[in-house]
Structure formats: structure tokens, C-alpha cells
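Student: Could you take me on a close look at the open sheet in this model, and at what packs against it? I would like one connected walk through that part.

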Amino acid sequence: MTWETVIGLEIHVQLNTKSKIFSGASTAFGAEPNAHASVVECALPGVLPVMNREVVEKAVRLGLALDAKINRKNVFDRKNYFYPDLPKGYQISQLDAPIVERGKLEIVVGDEVKTIHVTRAHMEEDAGKSVHEGLSGATGIDLNRAGTPLLEVVSEPEMRSAAEAVAYAKALHGLVTWLDICDGNMAEGSFRIDANVSVRPKGQQEFGMRREIKNLNSFRFLEQAINYEVESQIELLEDGGKVQQATMLFDPDKGETRVMRLKEDAHDYRYFPDPDLLPVIISDEQIERARSAMPELPSEMAQRFIRDFGVSDYDARLLTASRAQAAFFETAAQASGQGKLVANWMNGELAATLNKEGLSLSASPIQADRLAGLVAKIADGTLSNKLAKQVFEAMWGSDLTAAAIIERDGLQQMTDSGAIEKIIDEVLAANAKSVEEFKAGKEKAFNALVGQVMKASKGKANPQQVQELLKAKLV
């Protein structure tokens, strides 16, 4: 039987406000346990929550970027459950009237562009954290994170592979950091992913029973967890078993998912309106102010890059994956006047080297101004692509400019026709057999002769001139 995977993601986006959603306590990461736990998060008798205005403003900003409906009237509900890191015994969230509904986000998987619809994004508070003390078996409770503002962004179950799920998660991560509503630090829990995964026979419209994999904090773990869970569910069904709705955890050391608990439904949480919080009413004027303050969005900037710098649609999407990437490209493209070449080097040699070294673009030894200098030397004929790679390697290990390295190492491309002709004559005299093979119609012999000329020039001869002059001598 052929199986189809169905995936929907629930992503918790921690908003980068300085204070918590319902109190003035700090949201700073890394403090001593419980240093930022206020009386509101500890649920002391008589204390009341007060809504953080900035949380609403950041939620509206995301709604606008997703081209979504923004609900003008927002009420909060209590989601009731018992857990040691939840002193109140309930979490304040939004059930029936989320602030954002019916949005959409484009993703790119390979050469395919696909639109994933966003069901909703609702405001809520985070819970605290249980800290397990290893071999001692003791567990402590740290309430620093309790009350930190979150937007839970829920997608439609429209992804059909782990690759699509990763592409969607990366696209949302790029968007929320682009909008400066979240720092995107997955290691610190600022962007956490829950994946709802099910399988069904190909062509069947009804969804299979889903399992939810909780708290995935890297794109690699997201892909591994989904692939394992899909294989596990298919194996279970083909053996005649049934998938039971459950909450799963992913063990990255073993590369497998395991059952954490049987899954609850909404009615298990006994939702009811929070009596301590008044409805939050968002006016048309507030939305228009937010709209006018929005930065240029990735999709808009990609179109501008295509129009102004002549890059391809594919390259434009890669270049606008993050604000840092886009700013790097625009700086280098404007400085060199060579948008296509900059795009090729950023998405090619630079990206590959950063990946190999495990570095982010911000930590790259070669920043935008230096890459622009290298690209300019390629564009004016000073460097061939082969020589440019040598210069790039030298730049990576030093703070010298491309021009300084060319001068120091004598790497300027040879463009003197007379000098190139002299090398060609020597190569032809030493490779009579290849000359005969070419004249007999073997095209590979020509490429071999070009290679010999480039080798004799130590890679400095202009490849195009070599081919033109060599062909003229052989014809």
C-alpha cells in the first residue's frame, strides 16, 4: 500500500518583550532560578493580571505579515491542568477568538513553491520549567519562564513530508525574526515546535489518527522526529495495529519518538473565560499604525532584488531568508554593482564554506564589503573563477582585501593575447596526438588542450581567450 503523510505544526513563538504578558517581571534569559517569578506568576491570593500592550502590537504585526484576519475583540480563557511548574493550576490562553486567523505563508521545497495556510495564532503565557538534578533524582521548579508571552501559531495539516515541515518552520522562523517580534533562539526555547503527524492510504480524504511530537527545538530534530514517527506509524498499521492518539517526545540520542502521555482533547482542559481580564479591543487606527510601521517584507524585498539587481527568483528567495542575509547581499551588490555575481557567491562558495565551518553569516570572516571587492575583480576581468576561489580562500584566513591578495600573490588573470598565444603554441607542439584527435572530430581532445594551456599558465590565463585563440589555431 502507498501511504501519504499528513503534518501540521504548532509553533510557540516567544515574543521579545522586556516584561511578561501579565506582569512587569523581566523576561531576561539565564537568571538564577525563580529570580524573575513575580506574585502574578506565583498566583498569590488577591493579585490580578494586567495585559502587556506590546504583546498585542507584536501579534498584530505577525497577522499583517501573514495576510491574515485580525480579530478586533480579544478575550482570554483559562486552560486548566495540573503540573508542578504551573502554580495557578491553569494557563491563560485564547480558545475561540484568537487574535490572528486565516493567514498564509509561502514555502520553497526544491524548485516547488507551496502555500501553507495558517489556521490561527493566539496569545498565551508560558509555563515554568521543571529542572531535573541528574543522578540525585531531585526535581526543582524554576518559574522564571512562567508568564513569558507567547504566540502559538497553528498551521493547517497541509504538509506532506518532513522536508515541507522544515521549510515551513524555517520560513516562519525567518519571518518572526525579520519582524523583530522574536529573537528566534531555539536553544533558549524562543522558538519551539510541536509536530502533529499522521499517515493515511494515498487518495483517502479522511485523516488518520495523529500523534503530537512535543518541544522540538531544532530543524534537524524536527526532520528526524517526523521521519521516525511516519515509519513507526506505517509499520504499526501494516502489522494490523492501530495508531493511538498520544503526545510523543523525541529522543535525539536514540533518534526515536516515545509516548509521553495519551493525548488530551480541548474538553479535558475545562476552558472557561478568565474573569480577571477584560476583553482587549483593537481599533482600526491601531492596525493602520502597525501597518504603516511594518518593514519591507521578505516577499516584497525578493521582488525588488529581482527587479533592481537581476537575480533569479530562486536566488532572491534564498537571499531574503533572513534580514541579515538580505542586508549582506544588498550592501555587497550596491558596492560592486554586480548583483548576479554577488548572489552566485553568497549562495555558492560563501554558503558552502560557512556550512563547512559551522558558522553563521554574521560570524563570516568575509563580510559584505570584502566580498564586493572580490566580485568586482571578477567582473573587471582581473580574476578568473578559478583564481577568484584562490583569492577567496586567502581572504578567509586573513583580513586582507581581494586587491591586496592579488598584488601580494601575483594572481592577476593573464589577458595579454600574445602571451597566451605563446603558451598555446608550446602546448600544441607538445601534444601532437591531441591535435590529431581533435582534427579527427574528437571534441574531448579540445577540452584536454584547453586544460593543458590553463595548467601551463598556472590557472592565470583568461579561459574564454584561451578557447577562442586555441580554436583559431586549430581550425
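Tutor: Here is a walk along the sheet, then over to the helices and the core beside it. Keep in mind that this is a predicted model. The sheet is open and built from 9 strands in the order 2-6-7-10-1-11-12-13-14, with mixed pairing. Its edges are strand 2 and strand 14 (256-262); each has a single partner strand, so one side of each is left without a neighbour in the sheet.

Strand 2 (residues 69-70) pairs with strand 6 (residues 100-109) in the antiparallel sense, over 2 bridges. You can find this pairing by looking at Lys69, whose bridge partner in strand 6 is Glu101. Moving on, strand 6 is joined to strand 7 (residues 112-125) by 9 bridges, again in the antiparallel sense. Within this pair, Val108 stands opposite Val113 in strand 7. The two strands make a hairpin with 2 residues between them, and in the turn Gly110 has a positive phi of about 65 degrees.

Further along the order, strand 1 (residues 3-14) and strand 10 (residues 149-155) are antiparallel partners, with 5 bridges. Glu10 has Val154 in strand 10 as its bridge partner.

Now for the helices. Helix 2 packs on the sheet, where it touches strand 1, strand 6, strand 7, strand 10 and strand 11 (191-201), and its direction makes about 115 degrees with that of strand 6. Helix 1 (residues 53-65) lies across strand 2, strand 6, strand 7 and strand 10, and runs at about 25 degrees to strand 10.

In soluble globular proteins, nonpolar side chains tend to be buried together. Here the largest nonpolar core has 70 residues, and the members that touch the most others are Leu9, Leu62, Ile99, Tyr168 and Ile193. Helix 2 (residues 162-178) gives this core its largest share, 9 residues.

Terms used. Residues numbered from 1 in each chain as written. Predicted model: local features only at pLDDT ≥ 70, side-chain atom pairs only at ≥ 80, totals over all residues. Heavy atoms only, no water. Core = buried A, V, L, I, M, F, W, Y, C linked by side-chain atoms within 4.5 Å. Buried < 20%, exposed > 50% of the residue type's maximum accessible area, 1.4 Å probe, protein only. Helix = DSSP H or I, 4+ residues; strand = E, 2+ residues; numbered from the N terminus. Pairing = 2+ DSSP bridges. Contact = heavy atoms within 4.5 Å. Axes fitted to C-alpha atoms, helices over the stretch in contact; angles between N-to-C directions.
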